[in-house]
Number of protein chains: 2
Amino acid sequence: MTEIKVLSSAMQKNNEIAERNRALFKRHGLAVLNFISSPGSGKTSILERLGSRFGTSLGVITGDVQTTLDADRLKAAGATALQIETGGTCHLTAAMVEGALGGMDLAKLKVLVIENIGNLVCPSSYDLGELAKVAVLSVTEGDEKPAKYPALFTRASAVILNKVDLLPHVNFDVDRAEADCRKLNRDIRFFRVSCKTGEGFEDLVRYFEGIPRA
Amino acid sequence: MTEIKVLSSAMQKNNEIAERNRALFKRHGLAVLNFISSPGSGKTSILERLGSRFGTSLGVITGDVQTTLDADRLKAAGATALQIETGGTCHLTAAMVEGALGGMDLAKLKVLVIENIGNLVCPSSYDLGELAKVAVLSVTEGDEKPAKYPALFTRASAVILNKVDLLPHVNFDVDRAEADCRKLNRDIRFFRVSCKTGEGFEDLVRYFEGIPRA
């Protein structure tokens, strides 16, 4: 009972900070997306490709338990990137994002992506102040993932299905995955991309360009 | 401060129950492994192959946030399987495992695998009473994962690198991944397998047959 109370108070505190972040994003007319996926689904690779298209107007705050590998890759691709090392925590919190925002010139950005820790469960419960959650799934993970992780796929506004170049080599029913996503969220956007071949990125770029500003 | 105290007391309670589980496993002379990986790395597929080899003497307690898909697959493959649906929690606890053990005839088992929730972070902190942790990684997730998730790879006694049939289609340096694992844990066992072709399963079967009983 004590534990539940403490957690609920921590969540309330998180939501207050998320609202502060949201107000700040709004002042800057900034579209903010929260990217959530398993480790290795290709969030960073997708953002590298988008970084080479949008350059420094794409900001990425990237969370990792350890190492700054992702921020290094994103900067090399041209994006504005900043790393949060959580040192053990399995999800980003609104306070971690707020702490990082001081290190970024928000006025120079058009879109800010918060690349969450690779984890399909915990991150979906934490509001960071984003406009929308985007779930990234790769075809090597299995087409049953939307059914197995409904909390994320219900809350996501868009799904990016990555590594479609590997479809000939794996058993993955794209239509089943898309249908399962729509069962959870009728209006979900569903993108099919390959970071290797570039397939599907024109659609994704248009989505990024069309996101309504906060 | 209150939150830290509550969590530390929850962890202490978890460890007490883990010790009870361990004593029970010992009474049954049972080797117990805790499988930890990202979602979609292929834990269930590996256990299906081992189930078809070991039959009902292989027990699997499989944890999922939602659905009983995994237990159904494992039973169809011949193993003794039981599902824990956590309904939201991102890791198994010793208490969840203890609760499930009542539903299994441990005397009939030789090896029991606890297939944890797909998550590279949280499950590595919870002792379930197992003999050893086994990390499962697939080649599509990226060879930097051992460096990015040191908590798991330091605590794991063995790594199963899965989907090696996809190596020609992805950028994954197997030697780098193995070397990074050994930097964290010199004595780690490293298996390279493919559930699609069956490659590497002879070694894995020998490992399972040779696990010292608790």
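## Nonpolar cores

L112(B) touches F25(B), L30(B), A31(B), V32(B), L33(B), G59(B), V60(B), I61(B), L101(B) and M104(B), leaving aside residues up to four places away in sequence (contact: heavy atoms within 4.5 Å). In the largest nonpolar core, which has 84 residues, L112(A) and L112(B) touch the most other members. Apart from this core lies another, of 28 residues, including V134(A), F201(A), V205(A) and F208(A). A nonpolar core is a set of buried Ala, Val, Leu, Ile, Met, Phe, Trp, Tyr and Cys residues joined through side-chain atoms within 4.5 Å; buried means under 20% relative accessible area (1.4 Å probe, protein chains only).

The model is predicted: local features need pLDDT of at least 70 and side-chain atom pairs pLDDT 80 or more, whereas totals for chains, interfaces and linings use all residues. Residues are numbered from 1 along each chain as its sequence is written, chains are lettered from A in the order in which they are written, and side-chain values use heavy atoms, without hydrogens and water.

## Chain contact

Chain A and chain B each contribute 36 residues to the contact. Between them they bury about 2,700 Å², 62% of it on carbon and sulfur atoms (buried area: accessible area, 1.4 Å probe, that two parts lose on being put together, summed over both). P39(A), K148(A) and H169(A) supply 21% of the area that chain A buries against chain B, more than any other three residues.

Four salt bridges are counted between chain A and chain B (a side-chain nitrogen of Lys or Arg within 4 Å of a carboxyl oxygen of Asp or Glu). K148(B) forms a salt bridge with D70(A), with the closest N and O atoms 3.0 Å apart.

Methods. Buried means under 20% relative accessible area, exposed over 50%, partly exposed in between (1.4 Å probe, protein chains only).
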